[in-house]
Amino acid sequence: MLRLRAICPFSRRVFQFRPFSFEPLLSQMNKCTDEEQIFDLIEKNKAILSEKQVACALSMLWQFQKQKISLLKNVECIRDHPQFLTLHNLTTTKMEFMNDNTLVNVLYIIQQFGFEAHDPLVEALVTEAWRRLERFDINVLSKFSSCLADQHLCFSPLMGKIADIVNRNLETIQDLRCLSVLMVSISSLISQRFQEQLVNKTEQLFDTIDSSQVNIARRIVQFLRNIKYSYYPLLERCNKVFLSNVNHLDLDSISKILSLYHSLQFHSFEFILMTKKRLTEMIPRFDHPASFVKLFVTLGPVAGPEEEKQLKSTILLMSEELTSQQALAVMGAIEEMESRNSRLIKKIASILHKHLDNYKPVELLRITQALIFLHFQSKELFVKLRELLLSYLKVSVIPSEISLLVCALSMLPSPHLDEARISQIEAVLPQCDLNDLNSFATSVLRCIQYDPMYRNNTPGKQLKLLQKLDHYGRQRLQKCSSLNLLWEEVKSLKGDWFADSLLEETVVTLQRLMDEINYINVAGIASFISRNNYLSTLLLDRIASVVLQQNEKIHPFAILAIILPFSTLNYDPPQRDEFFGTCLQHLNSYLSILDPLMLVFLGYSLATREYFSEDLLKAIFNIRFLAKLDSQLEHFGSMNGAQQQIYKMLAEVLGGINFVKASVLTPYYYKIDFECILDKRKNPIPYGSHNTTLGKLPKVHSELNTQIAGSRLPPGAEKIALEFLDSRAFCRNIPHLKGKSAMKKRHLEILGYHVIQIPHFEWNSMALSTKNARMDYLRERIFGEGKSSS
């Protein structure tokens, strides 16, 4: 009892002392105005600091750092302070007493100060949070998931556990801010069914947020990007949030949003127009390389001539200060801008050269692609690039990395693949997907075409490798049993090897799996067909059927992609009018907000199928819409080899160069390759003199002042339009005329022309292998059977 009495006064003193010291210390921390004041308090009170005071000190330090301009420099300074080490050690001993919210907040702050995932404190905080995971509320869970994502633990079992918790509690979650954070964090681990559930939940909760919630909208778009799902209803709603806040968006936000839109192939004409104006206003504000590079990369590709000039001159002035990553970003933007500013290209290339040893394989590929595209020449730089690419290639075992390294090597001058590299490629072929196989084949074909060693004789090793690539490509297609998995591999495939070796097999596979075409993937499949010019009536009929059955689930923005293959390939599905009518009815309420070029292209595509919508025509032909179209550019290039041949022969057939016009611009702005006039006796009528240099087009001849094509012709005379149709005018698999050329013929005939189309497969056939045969062919087409030019 005496001992207890002796202890009691002491315990009363302790009990009374703690509240007295505890409350004022927190108040003192909250009144601090800089880091040194916080550190002074820590130094004086480190023996008695509680878990709440430790957390408060960390929180105050982070608040001060967020107010700084040079964040990284200040973070390093604070982290290296002796009293920060004290805080670090105290956190380790106090964490188990922290409540859930404080624990995760401390983890977040410790990470913001640059501590890596392998730091003992970070590991201990994560372990403690994992132990409490099931009891976390939605706010704490979302912040913890974000911390794990920052540690690159998106594929970890712990993130999988979080995904499971979200899945089990999805019905009860009502906070879209927290849910959007969780969606981004767990997006790499979830099934397609769970993805759809999250999308549906997001739509349900979207109206619970106000229009100022830009970060929530951005995370939703990021989630859609992560799961590779261009879900237009949500994208459109998020876009409205961005538009209503565009004057408050900073450079980082605009840059992120545009990057996400680009990945999702979502185009908002209005957002680009408004952000372009806002970004242009920012040009004078940034004088620091990090900020200005981001502005250059974001604004450059959409800038007008004056803004582009300003951007280039400024980036040139600060080029010496650019880091390796900044120089890489600038070169990528220059490539996207298709700039020909040799001084700027040379300067940025010299910076890339200086840092070349520090780039990863994928970055070396980007550098190579940009330099080749911009026609940059530097033997020294290309030699160094080749050495680095080969050094990476010799030790690489990952198929995708090997394919990009080989791709980069094949782009350099005098590309060459030795036997060791060919054997290395062959060894990884069984592990390759179609994208890797296509990349290898393109690279090998490029080497065969441009390596002087192969020019006259293709070695057996290269041919054997191409045969193996064909084999593995066909094998992969034949084994495919899921349209979604197939689509992931084929949606971006292009190039000669794919077209010649795998396109037909790919179409066969798509036809085999076409029952899986639905409202989600129908637009992508349609785009693939139109892009590859392959007429498959089975697939097109299935696409039309899906539109008629599931049109309510298809977003109007996808309609153009769906219509395009029917227009491009000149094909009408069964129930033609119902199909086009359904497409247009679905789109009508969106006509006023579509991108102007998209709207015009939509009208053009439907016109090729001789389908005209009154609502669509009214939307296009009004002053308000036309005001959106700033200007139209007209391009006239040089003749290709076949056109030069035909032009020369036409002059002989018709009796001289003054009897034929090249590159004629008709009323309503159709350009035709060649034009001639025959009188009522089928004799050519001469034009006025004009000079033409072979290979270059003469000044465009137009009939702009003529109401109809034949109004100034002698009685009985007719104008003849001759069009050479190259392979792009026909479907790839059969000689079926595509919609654009068919519609052009109809329109020229309405203008009074007799239209003669010369297919490339006729002109280049064995039957027309001699000049005399081709001359006879032209006479027969122009004058009729048995006619001649005399």
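Which residue with a positive phi follows α6? G114 follows α6, and its phi is near 90 degrees.

This is a predicted model, in which local features need pLDDT of at least 70, side-chain atom pairs count only at pLDDT 80 or more, and totals for chains, interfaces and linings use all residues. Residues are numbered from 1 along each chain as its sequence is written, and side-chain values use heavy atoms, with hydrogens and water left out.

## Overall picture

The protein chain has 38 helices and 5 strands. Helices (H or I, at least four residues) and strands (E, at least two) are DSSP runs, numbered from the N terminus. The chain holds 790 residues, and 50% of them are buried. Buried means under 20% relative accessible area, exposed means over 50%, and partly exposed lies in between (1.4 Å probe, protein chains only).

Contact means heavy atoms within 4.5 Å. Take the contacts between residues at least 6 apart in sequence: 73% of these join residues at least 24 apart. The accessible surface comes to about 40400 Å². Carbon and sulfur atoms own 52% of that surface. Accessible areas come from the Shrake-Rupley method with a 1.4 Å probe; for residues, only the protein chains shown count as cover.

## Helix α6

Helix α6 spans residues 100–112, 13 residues in total. From first C-alpha to last it reaches 19 Å, close to the 18 Å expected at 1.5 Å a residue. The expected span is 1.5 Å times one less than the number of residues.

At the start of α6, a side-chain oxygen of N99 comes within 3.2 Å of the backbone nitrogen of N101. The buried residues of α6 are D100, L103, V104, V106, L107, I109, I110 and Q111. An α-helix has 3.6 residues a turn, so residues three or four places apart point the same way. The cover over the buried residues of α6 includes α3 (51–66), α5 (82–94), α7 (120–131) and α8 (138–150).

A salt bridge is a side-chain nitrogen of Lys or Arg within 4 Å of a carboxyl oxygen of Asp or Glu.

F292 is found in helix α16 (residues 289–299). F292 counts as buried because its relative accessibility is 0%. Beyond its neighbours within four places in sequence, F292 is in contact with I283, F286, L311, T314, I315 and M318. I315 is 23 residues from F292 along the chain, with 7.6 Å between their C-alpha atoms.

T368 sits in helix α20 (residues 361–373). T368 is buried because its relative accessible area is 0%. A polar atom of the T368 side chain lies 2.8 Å from the backbone oxygen of L364. A polar contact is a pair of N or O atoms within 3.5 Å; within protein, one must be able to donate a hydrogen and the other to accept it, and residues adjacent in sequence count only if both atoms are side-chain atoms. Leaving aside neighbours within four places in sequence, T368 is in contact with L385, L389, A408, M411 and L412.

## Salt bridges

The structure holds 28 salt bridges. The table lists some of them.

| Pair | N to O distance |
|---|---|
| R168 and D164 | 2.9 Å |
| D252 and K294 | 2.7 Å |
| E426 and K468 | 3.7 Å |

R168 and D164 both lie in helix α9 (residues 157–169), 4 residues apart, about one turn of the helix. R168 is partly exposed at 46% relative accessibility, and D164 is partly exposed at 31%.

D252 and K294 meet in a salt bridge. The pair links distant parts of the chain: D252 is in helix α14 (residues 251–264) and K294 in helix α16, 42 residues apart. D252 counts as partly exposed at 35% relative accessibility, and K294 counts as partly exposed at 31%.

E426 and K468 also meet in a salt bridge. This pair links distant parts of the chain, with E426 in helix α23 (residues 419–428) and K468 in helix α25 (residues 460–479), 42 residues apart. E426 is buried at 16% relative accessible area, whereas K468 is partly exposed at 29%.

## A nonpolar surface patch

F612, L617 and F621 form a nonpolar patch on the surface, with about 360 Å² of accessible area together. Patches are made of residues with over 30% relative accessible area and no salt bridge; like charges are joined within 9 Å, nonpolar side chains (Val, Leu, Ile, Met, Phe, Trp, Tyr) within 5 Å. L617 lies in helix α33 (residues 614–620). L617 is partly exposed, at 38% relative accessible area.
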